[in-house]
Amino acid sequence: MTHQVRAVVARGKGAPVSLETIIVPDPGPGEALVKVEACGVCHTDLHYREGGINDDFPFLLGHEAAGVVEAVGEGVTDVSPGDFVILNWRAVCGQCRACLRGRPWYCFNTHNAKQKMTLLDGTELSPALGIGAFAEKTLVAAGQCTKVDPAASAAAVGLLGCGVMAGIGAAINTGNVGRGDTVAVIGCGGVGDAAVVGSSLAGAARIIAVDIDDNKLETAKKLGATHTVNSRNTDAVEAIRELTGGFGADVVIEAVGRPETYKQAFYARDLAGTVVLVGVPTPEMKLELPLLDVFGRGGSLKSSWYGDCLPSRDFPMLVDLYLQGRLNLDAFVTETIALDEVEKAFERMHGGDVLRSVVVF
C-alpha cells in the first residue's frame, strides 16, 4: 500500500520550492510511517534548496519535526503506532566501532529508510537529512523516531530534532559547561540562543552573548544571557575578557561558522578553556592560527555535530524539562505557518528577526 500526501519539494538549485503530491510507501522492515504534526524551517533546508549540500535533486525538504507513528514495519519494537515521536537524523546502528565503545552519539553508521518516497511519476526523492518532513506523512528508519511525552507541543519539541538540540548539546554535551562556569556564545541565531539556554540549564554563572544585532542580543538576554556584547561596535575578545576578570571565558561557543568569529572564540577563552564550533562553515573556508598559541593556551578545541546528542537519552529529558516549565522551547517558535508558506519562511530568514518558522499540519 502507498499513501499520496502533500509535500514541499525542491526541484532545482536556487529555484523556489513547490507544493506537490508525493507517494509514500508503507513501512518495510525496520521502518516507520509518521504522520507529521509540525516541522521547523531550518537554515539547512535552505542549504539543500540552494544546492549547498549536494545536487541530488529533487529534494523532499524538512527535518526538524514531531508527529505520531502511524505504522511500523517488521522487526520494529522501540516504537508502536500511536506513539508521539520527535524525528532525528542520527539513528544509531549499535554495531560500529563508536557504538561498541559506548559512544553511540558518535555513531559512524547512522541509517535511514531503505525505501524511497517518490513523485507521482516515480522520480525518487532525496529526503533532507534522511527525513523529509515538510510532508503530511514521511517514511523514516524506526531508529529515527524517539518517543516522548505526548503532552508536549509538537511545534516546540520538534525543534529538538535539529537546531535547538545542536545549541543545547554544544553547551551541555560538547562543551561540558558546569556550575559556576563563564560562557561566551558568539552568534545569537537559533542555535546560538539554544546554546545560551543550554549553558543556563547547566548552571553557568555568567553567559555572555555576542552578536552584531541588538535585537538578537535582546532575545538572548530573555533566554538567559547575563551580559551582551555588540561586536559591530566593540572588540568582542576585549569585551569578553573585561567581563571575566581579564581571563576569558571557560567555554566559548562559536555559532556562526566563520574563520573570523572562530578566532574571536579562540582568543576569548581562558587558559585551558574550551572552544566549541557549532556554526557550520562552508567548504572553501580556511583557518590560520599560530601553532604556538594553540600549544601555549592549552585546553580543548572541539566541533559539535548535532550537539553530540543521543536522541534516546536527550530528547525525553529535555521534553520533561519543557513540560516542567524549566526549558522554554516555545520561545523559539517565532511563527506557525502552513505548508505552502515555506518559501516565504526562507525569505524571512534573511531578515534575521525569526528564530523559527514552524509548519503546523
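Predicted model: local features only at pLDDT ≥ 70, side-chain atom pairs only at ≥ 80, totals over all residues.

Reader: How many cavities of 30 Å³ or more does a search of the whole structure find?

Author: The search finds 1. The largest cavity holds about 30 Å³ of space.

Reader: Which residues line the largest cavity?

Author: Its lining is Gly163, Val164, Gly190, Val191, Phe332, Leu355 and Arg356. Helices (H or I, at least four residues) and strands (E, at least two) are DSSP runs, numbered from the N terminus. On that basis, α4 (163-174) and α5 (190-201) each supply at least two lining residues. By class, the lining has 4 nonpolar, 2 polar and 1 charged residues. Here Ala, Val, Leu, Ile, Met, Phe, Trp, Tyr, Cys and Pro count as nonpolar, Asp, Glu, Lys and Arg as charged, and the others, Gly among them, as polar.

Reader: How much space lies in the second largest pocket?

Author: About 320 Å³. Its lining has 18 residues, and the closest to the pocket centre are Asp78, Ala142, Gly143, Cys145 and Ser312. β10 (145-147) and α10 (311-323) are the elements that give two or more residues to this lining. The largest share, 3 residues, comes from β10. The classes divide into 8 nonpolar, 7 polar and 3 charged.

Reader: Now sheets. What is the general idea of strand pairing?

Author: Strands of a sheet pair through backbone hydrogen bonds, either parallel or antiparallel. Two strands pair if DSSP finds at least two bridges between them. In this model, 5 strands form an open sheet in the order β7-β2-β1-β4-β8, with mixed pairing. β7 (118-119) and β8 (126-127) stand at the edges. Each has a single partner strand, so one side of each is left without a neighbour in the sheet.

Reader: In which sense do β1 and β2 pair?

Author: Antiparallel, over 8 bridges, between β1 (residues 2-10) and β2 (residues 18-25). Val8 stands opposite Leu19 in β2.

Reader: Which strands does β14 run parallel with?

Author: β11 (residues 182-186) joins β14 by 4 bridges, and β15 (residues 269-277) joins β14 by 5 bridges. Ala184 stands opposite Val252 in β14. Ile253 has Val276 in β15 as its bridge partner. Strand β14 (residues 249-254) is mostly covered, with 5 of its 6 residues buried. Buried means under 20% relative accessible area, exposed over 50%, partly exposed in between (1.4 Å probe, protein chains only).

Reader: How many aromatic pairs does a search of the whole structure find?

Author: 6. Rings of Phe, Tyr and Trp (its six-membered ring) pair if their centres lie within 6.5 Å; planes under 30 degrees apart count as stacked, over 60 as edge-to-face and the rest as tilted. Tyr48 and Phe59 form an edge-to-face pair, at 5.0 Å centre to centre and 70 degrees between the planes. This pair links distant parts of the chain, 11 residues apart: Tyr48 is in helix α1 (residues 43-49) and Phe59 in strand β4 (residues 59-60).

Reader: Are Tyr48 and Phe59 buried or exposed?

Author: Tyr48 counts as buried at 7% relative accessibility, and Phe59 counts as buried at 1%. Tyr48, Phe57 and Phe59 form one aromatic cluster.

Reader: Last, the backbone. What should I expect of phi and peptide bonds?

Author: Most residues other than glycine have a negative phi, and most peptide bonds are trans. The bond from Phe57 to Pro58 is cis, with omega near 0 degrees. Pro58 lies in the loop between α1 and β4. Asn176 has a positive phi, near 50 degrees. Asn176 lies in the loop between α4 and β11 and counts as partly exposed at 49% relative accessibility.

Reader: Where does Ala272 lie?

Author: In strand β15. Phi of Ala272 is also positive, near 65 degrees. Ala272 counts as exposed at 60% relative accessibility.

Terms used
Residues numbered from 1 in each chain as written. Heavy atoms only, no water. 1 Å grid on protein atoms, 1.4 Å probe; cavity = no way out; pocket = protein on both sides within 12 Å on 5 of 7 lines; lining within 4 Å. Points joined across faces, edges and corners; volume = space filled by probe spheres on them.
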